[in-house]
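User: Could you walk me through the strands and sheets of this one, and say what the numbers rest on?
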Amino acid sequence: MKTQLFTLIFCFAFISTTAQVQPHKFDQLKQELATPNEYRTASGAPGPDYWQQQADYTMNIRLDEETQRIYGDEVITYFNNSPDVLDYLWVQLDQNMRAPDSDTRKIQSGGLFGGQYTRPGYPQATPRIGTRQLTELFKTFEGGFKIESVQDKTGQDLPVTVVNTMMRVDLPKPLKPGSKYQFSIRWWYNINDRMKDGGGRSGMEYFPEEDNYIFTIAQFYPRMAVYNEVEGWQHKQFLGSGEFTLPFGNFTVNLTVPADHIVGATGTLQNASEVLTRQQRDLFEQARTAIDPVIIVTETEAREKEKTKSSDTKTWKFRAENVRDFAFATSRKFIWDAMGVKFGDHIAMAMSYYPKEGNPLWEKYSTRVVAHTIKTYSKYTFPYPYPAAISVHTNHIGMEYPMICFNGGRPEPDGTYSEGTKFELIGVVIHEVGHNFFPMIVNSDERQWTWMDEGMNTFMTGVAAREWDANFPSWSGKPADLTWYMSGDQSVMNPIMTNSESLRDFGTNGYAKPATALNMLRETIMGPELFEFALKTYAQRWMFKHPSPEDFFRTMEDASAVDLDWFWRGWFFGTDPVDISLSSVKHYLPRSLDPAVTKNEDKLAHQNQPEYVYFKRMREAGFRTAVEQDERLRDFYDTYDPFQVTERETEAYKQLLESLSDEEKTLIDKGYHFYELNFENKGGMVMPIILRIKYFDGTETIERIPVQIWQVNTEKVTKLIKSEKEIKEFEIDPYLETTDIDRTNNYWPPRNEPTRFQIIKTQEYRGGGTNPMREAKK
């Protein structure tokens, strides 16, 4: 029994100890990443047996402007390219998140009151609530899909089960590998008013002064879920934050709208002669080779249409190939301009649709920015493959779909705008058009990993914005802009590798932190050449496919020969901040080999010793020691001078010089300064050490020490720096490349950096930026 008891205790102790072992910061990511296989290789490339499903759609959609409803029917042809037998299919019902009984509404958290403040003259704090929060509490909008039928191709009803935003379609017989299945769905739903409903990715904007609408319509049809070898069916519910995971396919879509509407949509218009005038068709053809945007529908024409409403309808027919989704915008208010962007033998039409409320800003910038974006992104990834890239204006939005996106950035009613509004427009157009590359073509799982499209695209937005204007005022991903977040409470932070719906700080973890990571890889860790080659390799490997995080991590290393596991582990799987401290510096000078020099230095040092100075003063006062008073106490050492160079020392020095090479003599004669620098990793995240060295002669150099200096000891390291010149100052991370959260410990000699604050006159502060254009017009 004692032996058994001892064994049990030993086993429990071993398990407990093992569970507490933390991986080394430079350990390879073996357990954290999925095992490579025939579908996804260890290099990060698709494997020899990689497969993905396909879903084709034929749809008839009707917009009822009077009731603000969408009516639709679709035929879905689903191709089972997997090696698996499927007994059922899962279809996404994204509009159901707006249903009155949706889980999205049920899980909204937070108290009734948004905060408290003290009113002047009232001793007690007054509760308050935001109008949007109050509206949400009393919302009565009847959202959600109203499914009228789900049938097979013979018209027989199929058994279905709706689970919130997902619908299971039970098949009459198993769908075998290599086969396809066709079924149809009929539905309708109420279109949400984005301006009343707290925004939203799609919906309508109402203009009450003229009783007109802009409809920006997406997630409007039941869409196939993704089935793959990573997740099986990706049918995680759509709750609002984690976006979309969709298979590629071909779309044929017939859009019936009021006859005076102009429509922009995913794909290519198939019946231009039926819906456009001869003049509009001629202008569109002219735009294909124009160097500036050609206005196809003018502001004057749009203003005239606003005055009346047609009771007739037109059907616009679109065809889109190899896309993962379809969206459209329609309104009689639209101005329309376009220009062609050439990619080899292929022309992509950069186009914008916007109301008069967008001018003059939209006419001047939107389409030009669309063209700039697809050209810039193509340079770093692959030539833009689609026939169109469209920017549509409706207020307070930024949302992306294949070939089309919906963007805010609206001038004041008098046509003036602040510089902030101008750059808001340019920035959102770059970002949303850029999403054509990530995730519309490099088709990652948005429902699971926000960072794979938003973080990647935010980084590329910064690249394209700076190539648009070197002085672009704000670009997410700048390392110095993330220190406020990284210096926060680590216990409540999420790693980047957290599911989209579980992120505490969605914007920072989904957008800013991964974008900052890519900037650091490009500028500091890998260098532009290696980084850009690796990123292009990833994009081209996975265009029109479904990459996972492992595929990105592995490709970046595979294409660069740079071990980045430490970086993925710390920055994507962890929350530690960067805080590298220069804790101490010691300055050394090498001693001369000449005994005459060294003994003289020793003599001077001896004479500066406190006891030597003390006895010198005593002698000057008449004090004599016992040895000085009695000669009998003296011996050899009382007359011996230890600082006198002996013949033996002189001869030894001579022989040493004869044994040295010319190179060794030069090094000795240079008189180098040596500095022993002691660094501490106070933050936890290892990072290369970028060191600026300033000399007393006014010059400076940059020393870049690779991150591997921390491999043996991740907490403290010592670095020896040699210099021909005496060094005045050391500074860590002088260009703010690494998100170091505490710069006060980055200097030697130590110095503090004050934090600046701004003084404002309270009653003059209104927020929202200034509008010098309006002032100039006055």
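**Strands and sheets**

Analyst: Strands here are DSSP E runs of at least two residues, helices are H or I runs of at least four, and both are numbered from the N terminus; two strands pair if DSSP finds at least two bridges between them. This is a predicted model, in which local features need pLDDT of at least 70 and side-chain atom pairs count only at pLDDT 80 or more, while totals for chains, interfaces and linings use all residues. Residues are numbered from 1 along each chain as its sequence is written, and side-chain values use heavy atoms, with hydrogens and water left out.

User: Switching to β28, how many of its residues are buried?

Analyst: In strand β28 (residues 689–695), 6 of the 7 residues are buried, so the strand is mostly covered; buried means under 20% relative accessible area, exposed over 50%, and partly exposed in between, with a 1.4 Å probe and protein chains only.

User: Which strands is β28 joined to?

Analyst: An antiparallel arrangement with 6 bridges joins β28 to strand β29 (residues 700–705), with I705 in β29 as the bridge partner of I689. The hairpin of β28 and β29 has 4 residues between the strands, and G698 there takes a positive phi near 95°. A further 5 bridges join β28 to β31, again antiparallel, and I693 has F730 in β31 as its bridge partner.

User: What about R743, buried or exposed?

Analyst: R743 lies in the loop between β31 (727–732) and β32 (747–748), and it counts as buried because its relative accessibility is 13%. Its side chain makes a polar contact (a pair of N or O atoms within 3.5 Å; within protein, one must be able to donate a hydrogen and the other to accept it, and residues adjacent in sequence count only if both atoms are side-chain atoms) with the side chain of Y747, at 2.9 Å.
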